[in-house]
Amino acid sequence: MTRKQAIVRALQGDIPLEPAPFKKLAAGLGLTEEKFLGTLGELKSRGVLRCLRAIVRHKRAGYSANAMVAWKVPGNRASSFGKAAAALPAISHCYERLTRPGWPYNLYTMVHGRSRADISKVVAGLVEKTGVKEYLVLESLREFKKTSMVYF
Amino acid sequence: MATRVEKKVLDAAQADIPAVSRPFAALGAGLGVSEAEVLKVLKAYKKKGVIRRIGGSFETRKLGFSSTLAGARVAPARLAAVAEEISKFPGVTHCYERAGEMNLWFTVGVRGSMAGVDRKLASFRKLPGVEKCFSFPVKKMFKIKTLFPV
């Protein structure tokens, strides 16, 4: 395993909650803290590492209503729709995806709120702003799995 | 209810924890909160289960992985069994039952090219009860920012 892979492996799980967590992770890999942070900085500047952060279980943080909304957006308006959706704080993820026969929806937004009414409000706002009227609200009914990717 | 300090720490920690020798001191410095207090809040919310993980968020593609979102129609009587079987695969990180014709949605990531993802999906399509299963790979990413103000 390369040093980069070893560092990704150290960070794909939990970093220790102590004052100098990288010193400890580095020691576990036989590296100095300086080397570890150097590679970390490199991964970040190359965009391999988006960021270090706390990942919250949104339901436990009070966001009990969550829906994936699939939108049918004309191809030439996908970009402006994507930008309008991305500007909304209640939308965490927005992607344009390939369509399939019988499935014409090309834009996907993850919408979070404290109630179903919150979700409806966000969707109605986006309809009004973009004029896109064909969409499906795919409410999440049951969570079977939610975890982070294990790379190495 | 979160206190004002807890709220500040949790909101900032969801955005970006600095990649420096004393990250929690650096995070706190921007908020006027001590390193000890930052650690205390994060530990408490981790213990409560509000925080699932504190670590790196990676760009899957740049690590040489391919991934997709899959939507499937599964016979309702077989839904839970199929979801459990699919979820056994480590590259499936999210798996949800959703309302609508396509009632099971999951992500699949594998090391290497999209052909590996497609092979995995082909094996899922053979599970009893799976009536159809489409792959919807990303054409363009507009936003990934999960931040839930507490």
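This is a predicted model: local features need pLDDT of at least 70, side-chain atom pairs count only at pLDDT 80 or more; totals for chains, interfaces and linings use all residues.
Local features need pLDDT of at least 70 and side-chain atom pairs count only at pLDDT 80 or more, while totals for chains, interfaces and linings use all residues. Residues are numbered from 1 along each chain as its sequence is written, and chains are lettered from A and ligands numbered from 1 in the order in which they are written.

Chain A is assigned domain 1 (3-45) and domain 2 (65-139); such bounds come from an automatic or database domain assignment. The C-alpha centres of these two domains of chain A lie 37 Å apart.

Helices (H or I, at least four residues) and strands (E, at least two) are DSSP runs, numbered from the N terminus. In chain A, the axes of helix α4 (residues 78-86) and helix α5 (residues 116-130) come within 11 Å and cross at roughly 140°. Axes are lines fitted to C-alpha atoms, for helices over the stretch in contact, and angles run from 0 to 180 degrees between N-to-C directions. Residues are in contact if their C-beta atoms, placed from the backbone, lie within 7 Å. A:F81, A:A84 and A:A85 of α4(A) meet A:L126, A:K129 and A:T130 of α5(A).

The contact between the chains takes 62 residues from chain B and 63 residues from chain A. On the chain B side, strand β1 (residues 51-58) gives the largest share, eight residues. Strands pair if DSSP finds at least two bridges between them. Here A:R97 stands opposite B:V138 in β6(B).

Key:
Two residues are in contact if their C-beta atoms, placed from the backbone, lie within 7 Å.
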